[in-house]
Amino acid sequence: MRLVILGGSGSGKSTQAQRLGRYFDIPLISTGEILREAISGNQPLPEFRWSEADPRTSLSVYASLNELGYHALPYIQKGELVPDEMIVDLIRVRLRQPDINCDWVLEGYPRTAFQAEELDFLLDDLGQKLDWAIYLQVPEAVMVSRSLGRSLPDDQPEIVQRRVELFYDRTIPILEYYDRRRCLLTINGDQSPEMVQQNILTLLSVP
């Protein structure tokens, strides 16, 4: 099972990604969590070296997560999206790590149509295919209030508002992208986490 969780800030993406990861017993890849670790300087990027035996592999542009965090921090502080190239590179390296087999839940990526296309190209290289993109649909007011209720350092009012604006501007086109590929599931995210998860599992035809 290969899933992408889509939604605005405060839509419950992280909660549902964690729940689905546990339910299916598959790895969770969260770009937000990786970036937060990068900025705090606690987590080295898993080492990955190019091998002639597997030409699909490549070295990351960033030698470590700390370096990625250094370059990403100014964007995060303003509530802006981290540039596509940084995130694409991070995901490319992460999906090729030994702990990631053929099943995973991806949260926080893609956030632009370009990233969605790049993910498809990467999965083609890996001989994989996305099963479903799950969109958690939540009213704007709910996204803002939920985000402001969290204790994350980047959840300041002006930053949250900017992230919501960017979501509608950059992320909504991804829904059309996945809808055309007939792999989009839209879920009402303005419910309890338990109800949202149950609705997702029902649409996935999981008992």
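Reply: In soluble globular proteins, nonpolar side chains tend to be buried together. A nonpolar core is a set of buried Ala, Val, Leu, Ile, Met, Phe, Trp, Tyr and Cys residues joined through side-chain atoms within 4.5 Å; buried means under 20% relative accessible area, with a 1.4 Å probe and protein chains only. Here the largest such core has 40 residues, of which I91, L95, W104, L119 and Y178 touch the most other members. Helix 7 gives the largest share of this core, 7 residues. Another core, of 16 residues, lies apart from it and includes I5, L185, I187 and I200.

The model is predicted: local features need pLDDT of at least 70 and side-chain atom pairs count only at pLDDT 80 or more, while totals for chains, interfaces and linings use all residues. Residues are numbered from 1 along each chain as its sequence is written, and side-chain values use heavy atoms, leaving out hydrogens and water.

Me: With which residues is W104 in contact, leaving aside its neighbours within four places in sequence?

Reply: Contact means heavy atoms within 4.5 Å. The partners of W104 include M1, R2, L3, V4, L95 and L130.

Me: Where does helix 7 bend?

Reply: Helices are DSSP runs of H or I, at least four residues, numbered from the N terminus. A bend is the angle between axes fitted to the seven residues ending at a position and the seven starting there. Helix 7, residues 157-180, bends by about 40° at Y168. Among its buried residues are F167, T171 and Y178. Just after this helix, R182 takes a positive phi of about 60°.

Definitions and conventions
Helices (H or I, at least four residues) and strands (E, at least two) are DSSP runs, numbered from the N terminus. The expected span of a helix is 1.5 Å times one less than its number of residues. Buried means under 20% relative accessible area, exposed over 50%, partly exposed in between (1.4 Å probe, protein chains only).
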